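Subject: Structure handover

Hello,

Here is the structure I promised to pass on. Please open it next to this email and follow along.

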Amino acid sequence: AKVRYASANPESRKVHETALKVLPGGNTRSAIFYDPYPIAFERGQDVRLWDADGHEYCDFVCEMTAGIYGHSNPVIREAVTRRLDLGWSLGGHSSLEAELARIFSDRFPSMERVRFVNSGTEATTFSVQLARAVTNRPAVLGFDGGYHGGFLAFATKPNPMNVPFEMITGIYNDMEGSAALIDRNASRLACVILEPMMGGGRCIPATREFLSMLREKTRQHGILLIFDEVMTSRLSPGGIQTLTGVIPDLTSLGKYIGGGFSAGAFGGPAEIMDRLDPRRSDALGHSGTFNNNVFTLSAGIAGFKRLYTPDAADKLNARGEALRRRLNQAIEDAGVAMQFTGYGSMMSAHMRSGTIRSPGDAAHANPRLRELFYFDMLAQGFYVSPMRAFVNLALPHSDADCEALVTAVKEFISSRRSLLT
Ligand code: PMP
C-alpha cells in the first residue's frame, strides 16, 4: 500500500523533501506525520480536498473536528472579510469577546465566565494551572492515553514535553481503580481532567457512571473536575456536560469554536474564574497577544449564530449516529473483527471486536491494519485521519458522501478480509 502511495504522490514527496531541509522531519505537527511522507494539500472546498498531485478527496478528517463548517464556508468567509476591511490586531478590546463568551455561557452550563486563548493546548493548560492556583495543591489526575494538547498528555511512559507538574495517571472508565486513586491522593490533587469522550484517544465514550463517580469524588475532596471538551463540545448543543447532566467545574474548548481559525477558551463559575479579574488584589495573570483576535472571534460568532445552531448540532449528531450504525452493520454482515466506536459526529475505526472501554483495550489491535486502512481509504478517494482511523462529519457532508464512505469501508473489508480476524 505504501509503494502504491509513493508512486501516486510524487509532488507531495517533493513538498516533503523541501521541508526536510528546514523543519525537523519536514513536519510541524507530529500528530499528522506518517511514513513515508504525508500528503500535501493545495486547496479545499466544502468537504473536498485537492492535493499537490491533483487527486481529489472527500474529507472526513475535517481538521480533526475544527473544520465543522467545511472549507471556505461562505458565512465564515463573509464574517472574516468584513473584519479584513476594518483592520486587525488593533491592540485593545472590542465587543466581540463578550458576544462569543455569552454564546458559550448560554450553551455550556459550566461556563458562567469565559477566557479566550489561541489553542486547545492553552485552554487545558490554563484550566489546570488555574485549578492548581485556586486549590493551592500541586497534582493533576488524568487518564492513560488522554491527550489534552502539546503540554498535557497522560501515558504510562513519562513525556518530557509535558508541563512540569505532578501527574497521576488512572485508567479510563475504571470505576474502582480511579476512585481509589482519588481517595489515596486527595490532599495533593488540584484537579481531575478528562475528555468526557476520549477523542484523540480514539473516540471512546466515558460511561455516565464513571463521570458521575468522578463528580462525586472530586466534590467530596475539594478537587476541581475539568472536562476537556475541545473536541466533544460539538456532540450536543451544550457539549457532553449537557448530554450527561454531569457538570464539571471547569471546561476547556477549542477546535471549531473559532470557525476554523486558531481558537481556544476555558471557563467555569464566577467563583473560580474571577480569580482572573485584574481588579482584584489577588488576581492571577492570564495574557496572550492574540487571545481576542478579531478573525477567530467574528468567525466563531458567525459559526454559532448562523451555522452550528442547537438544531444543526442535533441534526449533525443524529447523522453521525446513523452513519456509525451503518458502518457497524456492514462489519457485522461481513463477520470481521473490526468496529467503529464514538458518539454523534465523531467516530473511530478499531481493527478488533469486543468491548473497548479504554485506550489500553484499543491497543490490542494490530497497528499495521490501521495504517492499511488509511492508505486503502486514500486510494479510494477518502481522507480519514492518518494512523488514527478517526472519522468525523462536517455540516456540508451529504447523504451521498456518507453512503460513499460506507461503500469504501465495505471494499476495504472485502479486500482485507483475511487480515481482519
Ligand atoms: N484537547 C483535546 C481533547 C484535543 O483533541 C486537542 C487537539 N487534538 C487539544 C486539547 C489541543 O488543542 P490544540 O491542538 O488546538 O492545541
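The notes below go through the sheets, the helices and the ligand site.

This is a predicted model, in which local features need pLDDT of at least 70, side-chain atom pairs count only at pLDDT 80 or more, and totals for chains, interfaces and linings use all residues. Residues are numbered from 1 along each chain as its sequence is written.

Some terms come up throughout. Helices (H or I, at least four residues) and strands (E, at least two) are DSSP runs, numbered from the N terminus. Two strands pair if DSSP finds at least two bridges between them.

The seven-stranded sheet

Seven strands make an open sheet with mixed pairing, in the order β4-β12-β11-β10-β7-β5-β6. Its edges are β4 (113–117) and β6 (167–170); each has a single partner strand, so one side of each is left without a neighbour in the sheet. On average, neighbouring strands here are turned by 20° against each other, direction ignored. For such angles, axes are lines fitted to C-alpha atoms (for helices over the stretch in contact), and angles run from 0 to 180 degrees between N-to-C directions.

β4 runs antiparallel to β12, and five bridges join the two. In this pair, R113 stands opposite G268 of β12.

Helix α7 (residues 208–221) touches β7 and β10 (224–228), and its direction makes about 145° with that of β10. Helix α6 (residues 175–185) lies across β5 (139–143), β6 and β7 (189–194), running at about 155° to β6.

The four-stranded sheet

A further open sheet has four strands in the order β1-β2-β3-β15, again with mixed pairing. The edge strands, β1 (41–45) and β15 (382–383), each pair on one side only. Three bridges join β2 (residues 48–51) to β3 (residues 56–59), and the two run antiparallel. R48 has C58 of β3 as its bridge partner, and W50 stands opposite E56. β2 and β3 form a hairpin with four residues between them, and G54 in the turn has a positive phi of about 85°. β3 and β15 pair in the parallel sense over two bridges, with Y383 of β15 as the bridge partner of D59.

A pair of helices

How do the axes of α3 and α10 cross, and at what angle? The axes of α3 (residues 74–86) and α10 (residues 294–307) come within 9 Å and cross at roughly 145°. Residues making the contact include V75, I76 and R83 of α3 and F295, A299 and R306 of α10; two residues are in contact if their C-beta atoms, placed from the backbone, lie within 7 Å. By class, this contact has nine nonpolar, two polar and two charged residues. Ala, Val, Leu, Ile, Met, Phe, Trp, Tyr, Cys and Pro count as nonpolar, Asp, Glu, Lys and Arg as charged, and the others, Gly among them, as polar.

The ligand site

The ligand is surrounded by 16 residues, and the closest are S119, G120, T121, G149 and V230. The shell has four nonpolar, 10 polar and two charged residues.

Regards

Technical notes:
A residue is near a molecule or strand if its C-beta atom, placed from the backbone, lies within 6 Å of it.
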